[in-house]
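The sequence and structure come first.

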Amino acid sequence: MSKDVKTLEIFTPEDGAVIPLHTPEQQAFFSDRSRFVPHEADPTPNKVDNTAPLPVRFKWKAPGRALLKISEQADLSNAETYCSINDCRVYNLLPGKKYYFQVQCGDQVSDIRGFSIAMELPRVIHLPCVTNVRDCGGWQLNNGRRYKFNMLYRGAQFEPWTVLPHGCGINAEGEKLLKELKIKTELDLRSDGECFFSAGTVLYCKIPSTAYATWLDQGIFAPEAMEQIRKIFILLADKLVYPLYFHCQGGGDRTGTLAFLLGAMLGMSYENLLTDYEFSNFSVSGERIRYSTVWKKFEERLHSFAPNGSIQQQVVNYLGQCGVGDILLEKIRENLTE
């Protein structure tokens, strides 16, 4: 910062700006027509992890170190405060939400500006050193309600994963963000042989699960797997476990299967369910598509639970066979819908 800077001046965001958090690559995903053309999935791991979101970037010039205050309230009550010289990047703001901010340096105080976050779904979460993290919420449901934000998060494991070029784990910044997201529970879907580390700041719950309809010959339709699904949904019926983060290794298959079951049960549209599933293509794990053999077999088995019904009815009937009755389902709906 030049010593002759004497006046506080704000550059970004502009007052009234609408700010996207999806990267250009993520935005292009929604207009990529190849997703709707039948083809074989490419299992080759990506060389680069592209699951992180963009930050909201605040830039100003000031005579010295400044305080940035951000709030959902126009009077800046309950503001989050950040300290920086002339640049600050803020992550994980809510899609569709309007925010207000002000910069203060000594006795110089800027005007209060407002900006909004673009309503882009899925909501991608910045969690340093962890791939494929996103908020399950935000989606419109068929009963007129909406899937709640800030309640249920999905993603990859926390400990080192050698496929990622930068490594994967929870560092000090990641631990801080887990606290900011108010994560209370970590639900680990991996098998015993895969578990090496858990974030120490949250309650750890391990319920090994599987995916689709092909793993273990039957996938989630095997009797043992259906019992594990029952245990998972009993956990999700308890309002005290939220906000909850669930994961497998890479956050695509076992995590994707559970996310699909939950979203379908709540009433997400079929296309939004597939969009959320295929968004894992930005991780390093390889392509996930609606035309893959594992996915088509999964859909076929679900279809058998209500051949003439909706995907919601198919999943609800499947969960009933797992021992997840209407009372449990209603508690989960109360927890996760607004």
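Lysine 296 is found in helix 6; helices (H or I, at least four residues) and strands (E, at least two) are DSSP runs, numbered from the N terminus. The model is predicted: local features need pLDDT of at least 70, side-chain atom pairs count only at pLDDT 80 or more, and totals for chains, interfaces and linings use all residues. Residues are numbered from 1 along each chain as its sequence is written, and side-chain values use heavy atoms, with hydrogens and water left out.

**Lysine 296**
- The relative accessible area of lysine 296 is 35%, so the residue is partly exposed (buried means under 20% relative accessible area, exposed over 50%, partly exposed in between, with a 1.4 Å probe and protein chains only).
- Apart from neighbours within four places in sequence, lysine 296 is in contact with Arg290 and Tyr291, where contact means heavy atoms within 4.5 Å.
- Threonine 257 is 39 residues from lysine 296 in sequence, and the C-alpha to C-alpha distance is 13 Å.

**Helix 7**
- Helix 7 (residues 311-322) has twelve residues and spans 17 Å from first C-alpha to last, close to the expected 16 Å (1.5 Å times one less than the number of residues).
- Its buried residues are Ile311, Gln314, Val315, Val316, Tyr318, Leu319 and Cys322.
- The cover over these buried residues includes helix 3 (223-236), helix 4 (254-266), helix 5 (270-278), helix 6 (293-303) and helix 8 (326-336).
- Glycine 323, with a positive phi near 95°, follows helix 7.

**Aromatic pairs**
- The structure holds 21 aromatic pairs; rings of Phe, Tyr and Trp (its six-membered ring) pair if their centres lie within 6.5 Å, with planes under 30 degrees apart counted as stacked, over 60 as edge-to-face and the rest as tilted.
- Phenylalanine 29 and phenylalanine 279 form an edge-to-face pair, 5.3 Å centre to centre with 85° between the planes.
- This pair links distant parts of the chain, 250 residues apart: phenylalanine 29 is in helix 1 (residues 24-29) and phenylalanine 279 in the loop between helix 5 and helix 6.
- Phenylalanine 29 is buried at 5% relative accessible area, and phenylalanine 279 is buried at 2%.
- Phenylalanine 221 and tyrosine 318 are also edge-to-face, because their ring centres are 5.2 Å apart and their planes at 65°.
- Phenylalanine 221 lies in the loop between strand 14 (203-206) and helix 3, and tyrosine 318 in helix 7, so the pair ties together parts 97 residues apart in sequence.
- One aromatic cluster is formed by Tyr212, Phe221, Phe260, Tyr277, Trp295, Phe298, Phe305 and Tyr318.
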